[in-house]
Amino acid sequence: MNVQPRLSRLASIDANRFLLCPRLDDIRWLTGFTGSTASLLVDRHRGVAHLFVDSRYVERARHEIAVSNAQVEIHLVESGSSIAALIGDVVQQNSVIVDPQHITVAQFNSYQEKFSIHTETSPCDELRRVKDENEIDLIARAASIADEALASLLHDGLCGRTEREIAQHLDHLMRVGGADDVGFDTIVATGANAARPHHEPSNAVVEDGHCVIIDFGAEIDGYRSDMTRTIRVGSVSHELESMFEIVREAQQCGVDAVTNGVVGSRVDAAVRAVFAREGVEHEFIHGTGHGIGLYIHEPPILSPRCEAVLQVNEVVTVEPGLYRKGVGGVRIEDQVVVTGTGCRILTLSPKELSCPRSPRTI
């Protein structure tokens with residue numbers, strides 16, 4: 001793995017010399033270091049970085065940075081030492097750019113005592129939007145693990161199980177299937193609970209006639225998958241069936257709109273056009289999708305206000321849904337890679353999924 005080009009991309013930015021990166025996922029992306037405590041200072045004029053870690057992580061940092069081929073100098077933060085003072089020794093009279101959203105007030109004050117600070121939005125989110133082939137491969141592997149876990153879950157049936165049981169079993173299947181962890185907290189919402197987009201799994205029991213929303217993902221080497229499927233249990237009502245077919249069409253229109261050079265708001269508009277035609281746009285209460293990688297929600301956010309232009313090798317989700325109080329909900333989500341002629345879907349589980357009306361006998 002060679003992450004040095006990522007540091008070089010920061011170096012090409014015409015800005016103040018030093019950039020402080022306190023977020024662990026940014027540090028991982030720029031250096032390959034995966035520890036749980038660190039600070040990174042990037043010298044953008046030289047294309048090198050300074051990693052500040054305590055004694056627990058020195059050997060790990062040396063090993064992971066050697067593997068990543070990043071030009072990084074490791075600084076030991078000894079017990080009782082001040083990271084602010086160590087950073088000040090490196091920057092001398094130069095100023096440091098810090099994103100105020102990434103540090104606490106206490107950190108800001110301690111830094112300001114040791115060196116000059118300028119506050120700006122970090123460029124890392126924007127730079128991480130376009131993935132390299134290794135990143136895409138990791139996301140695709142995570143998506144494949146999630147696909148297999150869902151298939152195994154549905155083979156055992158959902159009816160008669162609680163939302164919490166289903167979520168825990170699915171998480172277990174992903175880990176057994178090779179995931180390092182789950183990509184985020186799994187959502188399982190059955191019956192009327194499915195009208196809540198971010199419902200937390202409860203002791204509600206899946207019954208005949210329910211639509212069950214399952215929103216989940218796996219994590220491999222820090223990279224995450226994200227997929228939602230709505231499973232119809234037994235015989236669902238005409239109302240729920242109609243909602244499912246509308247969401248299915250809208251989701252396909254959104255996927256079809258994703259391509260290199262398209263403005264994010266146009267993807268969102270393609271979805272909303274279907275809902276508007278059917279008179280249900282008011283029941284679509286969130287954006288159409290988002291970028292994804294080391295974070296579960298990365299730029300761009302595909303909404304009516306999105307001005308970002310999609311680029312080849314960005315990974316985004318397309319996840320429209322309808323939510324009707326007292327009835328339930330339907331959401332279908334795919335994770336896709338932007339290509340020059342459209343997009344490639346990474347989440348391959350079928351959209352048309354159903355389960356028997358009664359618990360499976362094993």
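This is a predicted model: local features need pLDDT of at least 70, side-chain atom pairs count only at pLDDT 80 or more; totals for chains, interfaces and linings use all residues.
Two strands pair if DSSP finds at least two bridges between them. Residues are numbered from 1 along each chain as its sequence is written, and side-chain values use heavy atoms, with hydrogens and water left out.

- Helices (H or I, at least four residues) and strands (E, at least two) are DSSP runs, numbered from the N terminus.
- In general, strands of a sheet pair through backbone hydrogen bonds, either parallel or antiparallel.
- Strand 12 and strand 20 run parallel and are joined by three bridges.
- Which residue of strand 20 does arginine 232 stand opposite? Look for serine 354.

- Threonine 228 lies in strand 12.
- Is threonine 228 buried or exposed? Threonine 228 counts as buried, because its relative accessibility is 0%. The cut-offs are under 20% relative accessible area for buried, over 50% for exposed, and partly exposed in between (1.4 Å probe, protein chains only).
- Leaving aside neighbours within four places in sequence, threonine 228 is in contact with Ile213, Ile214, Asp215, Arg331, Ile332 and Glu333.

**Helix 1 and its buried side**

- Helix 1 (residues 4-11) has Gln4, Arg6, Leu7 and Leu10 as its buried residues.
- Why do these residues sit on the same side of helix 1? They cover an arc of only 160° around the axis, which puts them there. The arc is that of the directions from the helix axis to the C-beta atoms.
- As a rule, an α-helix has 3.6 residues a turn, so residues three or four places apart point the same way.

**Salt bridges**

- How many salt bridges does the structure hold? There are 29, each being a side-chain nitrogen of Lys or Arg within 4 Å of a carboxyl oxygen of Asp or Glu.
- One of them pairs glutamate 135 with arginine 6, with the closest N and O atoms 3.8 Å apart. This pair links distant parts of the chain, 129 residues apart: glutamate 135 is in helix 7 (residues 133-156) and arginine 6 is in helix 1. Both glutamate 135 and arginine 6 are buried.
- Another salt bridge brings together the side chains of arginine 232 and glutamate 245 (4.0 Å, N to O). This pair also links distant parts of the chain: arginine 232 is in strand 12 (residues 227-233) and glutamate 245 in helix 9 (residues 238-257), 13 residues apart.
- Arginine 232 is buried, with a relative accessible area of 11%, while glutamate 245 is partly exposed at 37%.
- Arginine 277 forms a salt bridge with glutamate 278, where the closest N and O atoms are 2.8 Å apart. Glutamate 278 is partly exposed, with a relative accessible area of 37%.
- Salt bridges that share partners also join Arg23, Asp26, Asp125, Arg128, Lys131 and Glu298 into one network.

**Backbone details to look for**

- Proline 299 and proline 300 are joined by a cis peptide bond, with omega about 0°. You will find proline 300 in strand 14 (residues 298-302).
- Asparagine 69 has a positive phi of about 65°, although it is not a glycine. Asparagine 69 lies in the loop between helix 3 (58-68) and strand 4 (72-76), and counts as partly exposed at 45% relative accessibility.
- Asparagine 313 has a positive phi of about 80°, although it is not a glycine. Its place is the loop between strand 14 and strand 15 (315-318).
- Is asparagine 313 buried or exposed? Asparagine 313 is buried, with a relative accessible area of 19%.

Terms used:
Contact means heavy atoms within 4.5 Å.
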